[in-house]
Every structure is written in C-alpha cells, then in structure tokens.
Amino acid sequence: MKLKLLGLAALLLVPGLAASAQFDKAMAASASLTALDPDNDGTVDVPEAKAAAAKLFTKLDPDNDGTLDAKELSGRVDEAGLKAADPDNDGTLDQKEYEAIVEARFKAADPDNDGTLDDKELTTDAGKAFLLLVE
Ligand SMILES: [Ca+2]
Ligand SMILES: [Ca+2]
Ligand SMILES: [Ca+2]
C-alpha cells in the first residue's frame, strides 16, 4: 500500500521527461538508486528522498514515539549532527528535524545543483552520507 502511494506521489511530482537516455541510465542503476527511484528516471529527486527517509524513519523508530534518539539513529547522524539538527535540544530528532538533515545532505551530494542525485553523485562521500538516511 505504501509503495503504491509512493508511486502515485512520484507520478504527480515528476515532470514529463521521457527521454530514452534516462531510461538507459535507469537500466544501469545501482541497487540503491533503483530502490530510491520509484519513477525510474535514473535519479533521486527531493520528493523521492523524502519518501524514502520517511519510510526509514518509521523503521528506525520501533518504540513508535515519533522521535529518533541517538541509539535509534545508530550512527546515521553523529553527535554533532544530532545537536545541530535538534534545536529544542531534547536529544532526539522528530520527523521534521530528520527531514531537514536529509535535505541538507541531499544538497551536499548534489554539486551540479540540478535538484537530482544520479548514480555517480550517490557514490561520493556526500552521496553515501545521504544514503545513510534513506536506506
Ligand atoms: Ca526519480
Ligand atoms: Ca523513538
Ligand atoms: Ca545532481
């Protein structure tokens, strides 16, 4: 059910770029990219990143209290990162705070600034840091 929803959201949000070059790119995509790219255009855009992050957030939050503490984050966000992303300073991240880190890492991993991450961008250090939060 969730997957269906994600697909629908992607359909609504992705502009009609139906180039065969993109299809080729998608065919050569890594497993990470494939999982993050429900619309199969060969790149991860912000809505796709947020959808994946929301899914992982739920998975990381077994006590279901709507926040992630350092233990639940298990190294995905280090102590300094947690502090920086936690303005209310309660030692946990709620989904919005988590999303903010995802967006920051997305931007850091997108040096060409086209608003999408391709397979190559995902393999950089910044790309890997981003992947930690979404898969
Ligand atoms: Ca995509
Ligand atoms: Ca929790
Ligand atoms: Ca890019």
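Predicted model: local features only at pLDDT ≥ 70, side-chain atom pairs only at ≥ 80, totals over all residues.
**Close-up 1. The calcium ion (ligand 1) and the spacing of its donor residues.** Along the chain, the residues that hold the calcium ion (ligand 1) are spaced D-x1-D-x1-D-x1-T-x4-E. They are D37 (OD), D39 (OD), D41 (OD), T43 (O), E48 (OE) and E48 (OE), sitting 2.2 to 2.4 Å from the ion. Donors here are N, O and S atoms within 2.8 Å of the metal (3.2 Å for Na, K and Ca), and water is not among the atoms, so sites may look incomplete. The 6 donor atoms subtend angles of 54 to 156°, which makes the arrangement irregular.

Residues are numbered from 1 along each chain as its sequence is written, chains are lettered from A and ligands numbered from 1 in the order in which they are written, and side-chain values use heavy atoms, leaving out hydrogens and water.

**Close-up 2. The calcium ion (ligand 2) with its donors.** Look for D61 (OD), D63 (OD), D65 (OD), T67 (O), E72 (OE) and E72 (OE), which coordinate the calcium ion (ligand 2) at 2.3 to 2.6 Å. In sequence these donor residues read D-x1-D-x1-D-x1-T-x4-E. The site is irregular, with angles of 51 to 156° among its 6 donor atoms.

**Close-up 3. The calcium ion (ligand 3) with its donors.** Here D110 (OD), D112 (OD), D114 (OD), T116 (O), E121 (OE) and E121 (OE) lie 2.1 to 2.4 Å from the calcium ion (ligand 3). Their spacing along the chain is D-x1-D-x1-D-x1-T-x4-E. Angles among the 6 donor atoms run from 54 to 155°, and this site is irregular.

**Close-up 4. Helix α7 packing with helix α9.** Helix α7 (residues 95–108) and helix α9 (residues 125–132) pack at about 160°, with axes 8 Å apart. Helices are DSSP runs (H or I, at least four residues; strands are E, at least two), numbered from the N terminus. Axes are lines fitted to C-alpha atoms, for helices over the stretch in contact, and angles run from 0 to 180 degrees between N-to-C directions. α7 and α9 are therefore roughly antiparallel; angles over 145 degrees count as such, under 35 as roughly parallel, 65 to 115 as roughly perpendicular and the rest as oblique. On the α7 side, V102, R105, F106 and A108 meet A126, A129, F130 and L132 of α9, contact meaning heavy atoms within 4.5 Å.

How values were computed
Tetrahedral: all angles 85-135°; square planar, octahedral: opposite > 155°, others 65-115°.
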